[in-house]
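Let's take a friendly walk through a protein model together. Have a look at the picture first, and then we will go from one region to the next.

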Amino acid sequence: MIAVEVDELEKRYGDSVALKKISFEVNRGELFGLIGPDGAGKTTLLRILATLLLADKGRATIHGYDTVREYRTIRNLVGYMPGRFSLYQDLTVEENLRFFATLFGTTVEENYGQIKDIYDQLSPFKRRRAGKLSGGMKQKLALCCALIHKPEILFLDEPTSGVDAVSRKEFWGILHRLKRQGITILVSTPYMDEAMRCDRIVLIQNGIILSIDSPAEILQHYPGPLFAVKADDIYGLLKFARELEPVELSHAFGEYLHITLKDKRAGLEQLHVLLEECRFPGLEIRRINPTIEDCFIRLMSEPELNGNRNG
Ligand SMILES: Nc1ncnc2c1ncn2[C@@H]1O[C@H](COP(=O)(O)OP(=O)(O)OP(=O)(O)O)[C@@H](O)[C@H]1O
């Protein structure tokens, strides 16, 4: 059963194109990730699905309801947690929650079961103003507010941005528990490592979908061996590698370069021969498994790579 259907959605802001003919489906009960850097179009897409913004072209449905014509029905089905802190900073934790419950014509008491697990951690601070909470606590309160009317679908816009690593991990634990309760979750993130926690993901860049699949499938489709290379002069090495004809892609990844060769049969030995010519001190080369970030960078470079191949 389909929870969300997006069909050739397009959105512009003046001359700037935010979404270019985006199409995909999310199944009911799925934990689905929108993965892309800042400006990719994630917020625009989620706001259209949450019925808060109109697309220029195309259509979207939530449980079969049209986001334009049937927005009222959708608003009761959906819980939306915007990217920027959406709560009332001067209201307490408790007051924020009551306010959001009232908006949906319900009470905290009526739906307490829905948020109990998360709210238990917040209850010692229930009289604290939302503006005085830590990042992780604000995020949990915002999630409680998005859940208080018992939505069947959650749209979460970059819920882990600006949150420490421990709270991020804990937050993903909460999302998995909500998924087990049958809630469909559409979550956006610029953190590529979080992609691995989703059932399926779309990789999105400049309003275009680069790939849609499970993270495991996306990793599996990475073509050819990938190498991690390091040297004392990493920038010199990057410049050198990029000028080598047999090198297909070379990009900086932390203190390493990640390199692929045009010849997919070539292994470590061939790369050693190529790079050792320049005698970079501290040279280290090893074969590695690609991450989602490697897949993303590769997919982004594909038009250029195909151009080179054709040329
Ligand atoms: N109100 C607006 N007016 C003009 N341009 C906008 C507006 N909102 C978004 N954009 C532009 O549309 C594109 C997509 O933005 P969007 O906010 O949807 O991306 P995002 O992936 O959510 O990134 P971010 O994390 O930075 O919000 C960007 O180029 C952005 O600058």
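Is Asn-111 buried or exposed? Asn-111 is buried, because its relative accessible area is 7%; buried means under 20% relative accessible area, exposed means over 50%, and partly exposed lies in between, using a 1.4 Å probe and protein chains only. Asn-111 sits in the loop between H3 and helix H4 (112-122). Setting aside neighbours within four places in sequence, Asn-111 is in contact with Thr-106, Ile-148, His-149 and Lys-150, where contact means heavy atoms within 4.5 Å.

Before going on, here is how to read this report. This is a predicted model, in which local features need pLDDT of at least 70 and side-chain atom pairs count only at pLDDT 80 or more, while totals for chains, interfaces and linings use all residues. Residues are numbered from 1 along each chain as its sequence is written, and side-chain values use heavy atoms, with hydrogens and water left out.

**The whole chain**

The protein chain holds 10 helices and 14 strands. Both are DSSP runs numbered from the N terminus: helices (H or I) have at least four residues and strands (E) at least two. The C-alpha trace spans about 70 × 45 × 35 Å along its principal axes. Of the 311 residues, 48% are buried. Among contacts with a separation of 6 or more, 69% are between residues 24 or more positions apart. The chain exposes about 15600 Å², and carbon and sulfur atoms supply 49% of that area; accessible areas come from the Shrake-Rupley method with a 1.4 Å probe, and for residues only the protein chains shown count as cover.

**Helix H1**

How many of the 8 residues of H1 are buried? The count is 6, so H1 is largely enclosed by the rest of the structure. The buried residues in H1 are Lys-42, Thr-44, Leu-45, Leu-46, Ile-48 and Leu-49. Arg-47 also belongs to helix H1 (residues 42-49), but Arg-47 is partly exposed, with a relative accessible area of 31%. Leaving out residues up to four places away in sequence, Arg-47 touches Leu-52, Leu-53 and Tyr-80. Arg-47 and Tyr-80 are 33 residues apart in sequence, and their C-alpha atoms are 8.7 Å apart in space. After H1 comes Thr-51, whose phi is positive, near 65°.

**Patches on the surface**

Patches are made of residues with over 30% relative accessible area and no salt bridge; like charges are joined within 9 Å, and nonpolar side chains (Val, Leu, Ile, Met, Phe, Trp, Tyr) within 5 Å. Glu-5, Asp-7, Glu-8 and Glu-25 form a negative surface patch; Lys and Arg count as positive and Asp and Glu as negative, with His and the chain ends not counted. Strand S1 (residues 2-13) gives the most to this patch, with 3 residues. Glu-5 is found in strand S1 and is partly exposed, at 34% relative accessible area.

A nonpolar patch is formed by Tyr-88, Phe-99 and Leu-103, with about 300 Å² of accessible area together. Leu-103 is in helix H3 (residues 93-103) and is exposed, with a relative accessible area of 54%.

**Salt bridges**

Side chains of opposite charge can pair when their charged atoms come close. The structure holds 18 salt bridges, each being a side-chain nitrogen of Lys or Arg within 4 Å of a carboxyl oxygen of Asp or Glu.

| Positive residue | Negative residue | N to O distance |
| Lys-11 | Asp-56 | 3.9 Å |
| Arg-168 | Glu-194 | 2.9 Å |
| Arg-298 | Glu-302 | 3.7 Å |

The side chains of Lys-11 and Asp-56 meet in a salt bridge. This pair links distant parts of the chain, 45 residues apart: Lys-11 is in strand S1, and Asp-56 is in the loop between H1 and strand S4 (57-62). Lys-11 is buried, at 11% relative accessible area, whereas Asp-56 is partly exposed, at 46%.

Arg-168 forms a salt bridge with Glu-194. Arg-168 lies in helix H6 (residues 165-180) and Glu-194 in the loop between strand S8 (184-189) and strand S9 (200-205), so the pair ties together parts that are 26 residues apart in sequence. Both Arg-168 and Glu-194 are buried.

Arg-298 and Glu-302 are 4 residues apart in helix H10 (residues 292-310), so about one helical turn separates them. Arg-298 is buried, at 4% relative accessible area, while Glu-302 is partly exposed, at 27%. Glu-248, Lys-264, Arg-298 and Glu-302 are linked in a network of salt bridges.

How values were computed: Charge placed at Lys NZ, Arg CZ, Asp CG, Glu CD.
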